[in-house]
Amino acid sequence: MVVVPQSFILPNCIRGVIPAASLRPYPLPNLISRNLMLKHLVLMKFRRDIRPEEIRSLEEDLAAMPKRISEILSYEFGCDIRSERSYDFGIVSTFQNVDALKRYQIHPEHMVLLRKVRTLCTSIVACIFEC
């Protein structure tokens, strides 16, 4: 993990590593602007014994999320194409503002997806930034 000196971290930056075993919606600090759109990036490291059909099932569930949760403005995801040292899977989603992201985090469909992701992953890294 790269350690960034505190002086280089902007006050409205949200980042962190979330152990898969404790995956749950995490609190969002008060952001500087509640009117800017947000990008939410998630990187996942799968269990070593994950089966291809489990990944396909995850992709199907992810593809259905924008239809089920109106707060999602855009949603992109896919498997990594690089080496073993990379994370295995990434998701990039866009939300209108922090309030929309908070509603998404506690949405029942999102909670179901979180439980599934926890069973598939050993590590999850997330970053939310204003755009």
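Predicted model: local features only at pLDDT ≥ 70, side-chain atom pairs only at ≥ 80, totals over all residues.
The protein contains 3 helices and 5 strands. From the N terminus, the elements follow the order β-β-α-β-β-α-α-β. Of the 131 residues, 37% are buried. The accessible surface amounts to about 8,200 Å². Carbon and sulfur atoms account for 58% of that surface. Contacts reach across the sequence. Among those between residues at least 6 apart, 74% connect residues at least 24 apart.

Strand 2 spans residues 38–46. Strand 4, residues 89–95, pairs with strand 2 in the antiparallel sense through 7 bridges. Within that pairing, Leu38 is bridged to Phe95. Leu38, His40, Val42, Met44 and Phe46 make up the covered face. Lys39, Leu41, Leu43 and Lys45 form the uncovered one.

The largest nonpolar core holds 25 residues. Met44, Phe46, Leu58, Tyr75 and Tyr104 touch the most other members. Two or more residues of this core come from each of strand 2, helix 1 (52–68), strand 3 (72–79), strand 4, helix 2 (98–106), helix 3 (108–120) and strand 5. In soluble globular proteins, nonpolar side chains tend to be buried together. Phe46 illustrates the contacts made by one core member. Beyond its neighbours within four places in sequence, Phe46 contacts Ile55, Leu58, Asp88, Phe89, Leu120, Cys121 and Thr122.

Helix 1 has 17 residues, and its end C-alpha atoms lie 25 Å apart.

Ile50 sits in the loop between strand 2 and helix 1. Its relative accessible area is 17%, under the 20% cut-off, so Ile50 counts as buried. Outside the four places on either side in sequence, Ile50 touches Ile55 and Leu120. Leu120 is 70 residues away from Ile50 in sequence, yet their C-alpha atoms are 6.8 Å apart.

Phe89 belongs to strand 4. It is buried, with a relative accessibility of 1%. With neighbours up to four places away set aside, its contacts include Val42, Leu43, Met44 and Phe46. Leu58, Glu59 and Leu62 are also among them. Phe77, Gly78, Cys79 and Asp80 are contacted as well. The C-alpha atoms of Phe89 and Leu43 are 5.7 Å apart, although 46 residues separate the two along the chain.

Leu43, in strand 2, is partly exposed at 37% relative accessible area. Its contacts, apart from residues up to four places away, are Tyr87, Phe89, Gly90, Ser123, Ile124 and Val125. Gly90 is 47 residues from Leu43 in sequence, but the C-alpha to C-alpha distance is 4.5 Å.

Asp80 occupies the loop between strand 3 and strand 4. At 33% relative accessible area, Asp80 is partly exposed. Ser86, Tyr87, Asp88 and Phe89 are its contacts once neighbours within four places are left out. Asp80 and Met44 are 36 residues apart in sequence, with their C-alpha atoms 9.7 Å apart.

The disulfide count is 0, where a pair of sulfur atoms within 2.5 Å would be required. Cys121 is buried, with a relative accessible area of 6%. Cys127 is partly exposed, at 26%. Cys121 is also one of the contacts of Phe46.

Notes
Residues numbered from 1 in each chain as written. Heavy atoms only, no water. Buried < 20%, exposed > 50% of the residue type's maximum accessible area, 1.4 Å probe, protein only. Helix = DSSP H or I, 4+ residues; strand = E, 2+ residues; numbered from the N terminus. Pairing = 2+ DSSP bridges. Contact = heavy atoms within 4.5 Å. Areas by Shrake-Rupley, 256 points an atom, 1.4 Å probe, with all protein chains shown as cover. Core = buried A, V, L, I, M, F, W, Y, C linked by side-chain atoms within 4.5 Å. Expected span 1.5 Å × (residues − 1).
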